[in-house]
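Please work through each task before reading its solution.

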Amino acid sequence: MIAKLSGRLDETGEDWAIVDVQGVGYLVHCSTKTLAAMGEVGEACTIHTDLQVSENDMRLLGFAESAERDWFRLLTTVQGVGSKVALAILSALSTGEVRDACAGGDAATVARAQGVGPKLASRIVNELKDKAGGLPGGGIAGAPIGAVSQAGGASADAVSALENLGFKPAVAAQAVARAQSELGEDAKEGDLIRVALKKAAG
């Protein structure tokens, strides 16, 4: 199984990236946080991966840190959670927020992810609450300035606001991360949006 790729970031899309490893381009599907953490096209990058094989599909998933991959694997054990939904959850929440939501039975936080309704969110936290403590959480370790901080709701809401204005998720996440690094961890949502808009448009 392919567990890790190290190469050059060749191209990115809304929820995918192509990593060039010695002339071979690997298509990996990623969360917006991982896409932002990978840096700019043309730069060297390393990404943890998980290979999913089904009857009619073979898909490579990419993660900026092993903890995110662990959470992806755990989330997909829940009935009704496929790779798309798991990536949506990891795009909306940091691994620390997912861990805390599951451990605390906070279905409302999990339901913030696109495509996750209250019923599915409740099933996720109920099935994973006893397993949540065994997995690490936190921000994307060692990620460049493009990684969205785990600081919580303000950054996630700011990313969502930019997406609603028409920016692609990866662009929105990177712009908010840069705004947060400039304004600090305690920055308010409104300030993050204002600065991020300038970053995204620049």
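**Exercise 1.** Determine how many of the ten residues of H2 are buried, and which elements they pack against.

*Solution.* In this predicted model, local features need pLDDT of at least 70, side-chain atom pairs count only at pLDDT 80 or more, and totals for chains, interfaces and linings use all residues. Residues are numbered from 1 along each chain as its sequence is written, and side-chain values use heavy atoms, without hydrogens and water.

Step 1. Helices are DSSP runs of H or I with at least four residues, strands runs of E with at least two, numbered from the N terminus.

Step 2. The buried set is Ala67, Glu68, Arg69, Trp71, Phe72, Leu74 and Leu75.

Step 3. These residues pack, by contact (heavy atoms within 4.5 Å), against helix H1 (32-37), strand S4 (44-53), S5, H3, H4 and H6.

**Exercise 2.** Identify the residues with the most contacts inside the largest nonpolar core, and the element that gives its largest share.

*Solution.* Step 1. A nonpolar core joins buried Ala, Val, Leu, Ile, Met, Phe, Trp, Tyr and Cys residues through side-chain atoms within 4.5 Å.

Step 1. The largest such core has 28 residues, and Trp71, Leu75, Ile89 and Ile124 have the most contacts inside it.

Step 2. H3 supplies the largest share, six residues.

Step 3. Leaving aside residues up to four places away in sequence, Leu75 touches Val81, Ala86, Ile89, Leu90, Ile124 and Leu128.

Notes:
Buried < 20%, exposed > 50% of the residue type's maximum accessible area, 1.4 Å probe, protein only.
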